[in-house]
Amino acid sequence: MDIVQLEALTLTPDQLLLDPNNYRFHDLPGYRAVTRARFAEKGVQDRALQFLQETPAFDLGALRESIISNGFVPFEQIVVEAFSDEPNQPAAETGAGMDPKTKYVVVEGNRRAAAIKTLLRDHEGGARDLKADVLATIQILNVIEIKGSDTERARYQKTLMAIRHVAGIREWGPYQQARLVVEMFENEEGAFGPVAQRIGISSREVARRYRASKALEQMEGDEEFTEYADPKLYSFFHEAVSQPKVRDWLKFSDTTFQAEDAESRRIFYELLSPREIDGETRPPKLQNANRHIRLLKDIVDKPVPLKILSDPERSLEDAVRAADAETPQDETGVLEHALGVALQALRQPSIDAWLSPDDRAKEIWEDLVSVVDKVRSFMSERDS
């Protein structure tokens, strides 16, 4: 971790600016990045507060109730950095502290800051009566300010967030974790090892999260499928790049971090997207990342089951059954395996293909009939 100067400050909640680019917001509908110069604008702050209040996963209500019952107990202090809305200009000088005109952006502790702000707003508006001892814990706050150059502060912030939310106990969701890994890799380190060291997880896991995030980005850039490329699909890509068979099927490159096989990529995107069949919208075939991607790995290297899976009107379960039929359990099942594969293959052609075979198909069909005749003759002799 970079060595930066940390300074204890005493601030009022009004001096705290919520971070409108909080990583928690990145997969929320309607989120878009805000330039730093606009952080202090009322509308920007209101929107950040709205995200924190109205997103169930953030559970701001439980935090508010805890403060109401116990007061604000700063087991982990809020971490801030001084704010300036003018590029390349220094923010507040050391000791500005209680000057109400000086603002500070919350680096760590946005949920706590939001809970405090909303409780004070409710109390001042008469919507809630807070006890005097509770009010005393939230009207003046002890915080920690990060000081140093822009580069030093930026690196320290990312390292702090990574330790707490990627490797820490209260983790972010997998998509937010991966986005931070991507930023650390692309903007700072350029290698998985140093990122892993800063976060405190393995290089392999850092690489997996990076690959999965870039694979989802590729779907986001696909004109045909971009509307379905939701951050909630991240776990499917994470599992896909973790399975060697699926990764090989997609021809996922560790140079470009792209799925290079266009046909396999299209099929995979279709499996993750809703389907329109006879005017009815059906859900994606892949619904559970862990279970379904592990089923997929046993299908992608088998042409017939893969063709079944690619058929919009056939189900994942149909493809799984076909794959099972192609997998003999032991040596005694070799004949059953061959017959199962043959039957699955014979059932694939459309009725038009059966009615209008080409010359090569006729030759193969005659060979097959010859084999069937020999088997029939053998069975008749054995039974007589």
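Predicted model: local features only at pLDDT ≥ 70, side-chain atom pairs only at ≥ 80, totals over all residues.
Residues are numbered from 1 along each chain as its sequence is written, and side-chain values use heavy atoms, with hydrogens and water left out.

Now for the rings. The structure holds 11 aromatic pairs; rings of Phe, Tyr and Trp (its six-membered ring) pair if their centres lie within 6.5 Å, and planes under 30 degrees apart are stacked, over 60 edge-to-face, and the rest tilted. Phe185 and Tyr210 have ring centres 4.4 Å apart and planes at 50 degrees, so this pair is tilted. The pair ties together distant parts of the chain, since Phe185 sits in helix H6 (residues 174-189) and Tyr210 in helix H8 (residues 203-220), 25 residues apart. Helices (H or I, at least four residues) and strands (E, at least two) are DSSP runs, numbered from the N terminus.

Tyr210 is buried too, with a relative accessible area of 4%. Tyr210 also pairs edge-to-face with Phe257, at 4.9 Å centre to centre and 85 degrees between the planes. Phe257 lies in the loop between helix H10 (244-250) and helix H11 (262-271), 47 residues from Tyr210, and Phe257 is likewise buried. Ring pairs link Phe185, Phe192, Tyr210 and Phe257 into a cluster.

Zooming out, the chain has 17 helices and 7 strands, and 44% of its 384 residues count as buried.

Methods: Buried < 20%, exposed > 50% of the residue type's maximum accessible area, 1.4 Å probe, protein only.
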